[in-house]
Each structure stands twice: as structure tokens, then as C-alpha cells.
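Here's a quick tour of a protein model, from the overall layout down to a few side chains. Have the viewer open as you read.

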Amino acid sequence: MATNEDVSILITDINMPGMDGHELAERATRVRPSLKVLQLSGRERRRDGFPLLRKPFSEEDLHRVMEQTTGIC
């Protein structure tokens with residue numbers, strides 16, 4: 001897995017074909033432990049300690065959750 005130090009946060013849906021968002025977040029943080037992760041879902045429950053934002057959400061919700069949980073925004 002390639003790394004890009006310019007990327008400061010991974011925002012991923014949990015439900016995806018092939019690899020789900022939980023596995024993606026786990027793999028990405030193994031390679032780069034300092035990477036912040038925010039998961040999105042309309043159905044799944046939070047898991048693995050990563051912050052979760054429920055869909056649907058507003059731009060203000062995204063901003064607030066990113067700032068509160070990752071310090072990035």
C-alpha cells in the first residue's frame with residue numbers, strides 16, 4: 001500500500017464492494033498509524049474505535065465531527 005504524507009484524513013464509507021471500510025481503515029492505519037480516520041454509514045454500527053458519522057449528514061455535521069474527533073478542519 002502506497003503512502004502519501006500530504007493526506008491527513010481517510011474518510012470512508014463502511015459498506016463497499018470487496019473491502020469494507022473497517023478493513024480499509026485497519027490496513028491504512030497499520031501502514032501509517034498517525035492517519036486520522038472518519039467512517040461514514042447509514043446502517044452499520046461503530047467498530048474498531050474509529051469515529052463514525054451517520055448518513056445522511058450536512059456539511060456542518062461533517063465539519064463538526066471532523067473537528068471534534070480528528071482535530072482536522
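## Ground rules

This is a predicted model, so a pLDDT of at least 70 is required for local features and 80 or more for side-chain atom pairs, while totals for chains, interfaces and linings use all residues. Numbering starts from 1 along each chain as its sequence is written, and side-chain values rest on heavy atoms, with hydrogens and water left out.

## The overall layout

The protein has two helices and three strands, and reading along the sequence gives the pattern β-α-β-β-α. Helices here are DSSP runs of H or I with at least four residues, strands are runs of E with at least two, and both are numbered from the N terminus.

Of the 73 residues, 32% are buried. Buried means under 20% relative accessible area, exposed means over 50%, and partly exposed is in between (1.4 Å probe, protein chains only). The protein exposes about 4,900 Å², with carbon and sulfur atoms supplying 48% of that; the areas come from the Shrake-Rupley method with a 1.4 Å probe, and for residues only the protein chains shown count as cover. Take contacts (heavy atoms within 4.5 Å) between residues at least 6 apart in sequence: 47% of them join residues at least 24 apart.

## The strands

Strand β2 covers residues 36-41, and five of its six residues are buried, so the rest of the structure largely encloses it. On one side of the pairing list is β1, which runs parallel to β2 and is joined to it by five bridges; strands count as paired if DSSP finds at least two bridges between them. I9 has K36 as its bridge partner in β2, and I11 has L38.

Strand β3 (residues 52-54) also runs parallel to β2, with three bridges joining them. Here Q39 stands opposite L52.

## Helix α1

In α1, the buried residues are G21, H22, A25, A28 and T29. Seen down the helix axis, they fall within an arc of 135°, so they line one face of α1; the arc is that of the directions from the axis to the C-beta atoms. These buried residues pack against β1 and β2.

## Two side chains to click on

D13 sits in strand β1 (residues 9-13) and counts as partly exposed because its relative accessibility is 21%. Its side chain makes a polar contact with the side chain of K55 at 2.5 Å and reaches the backbone nitrogen of N15 at 3.1 Å. A polar contact is a pair of N or O atoms within 3.5 Å; within protein, one must be able to donate a hydrogen and the other to accept it, and residues adjacent in sequence count only if both atoms are side-chain atoms. Leaving aside neighbours within four places in sequence, D13 touches G21, L40, S41 and K55.

R32 lies in the loop between α1 and β2. R32 is buried, with a relative accessible area of 11%, and a polar atom of its side chain lies 2.4 Å from the backbone oxygen of V7.
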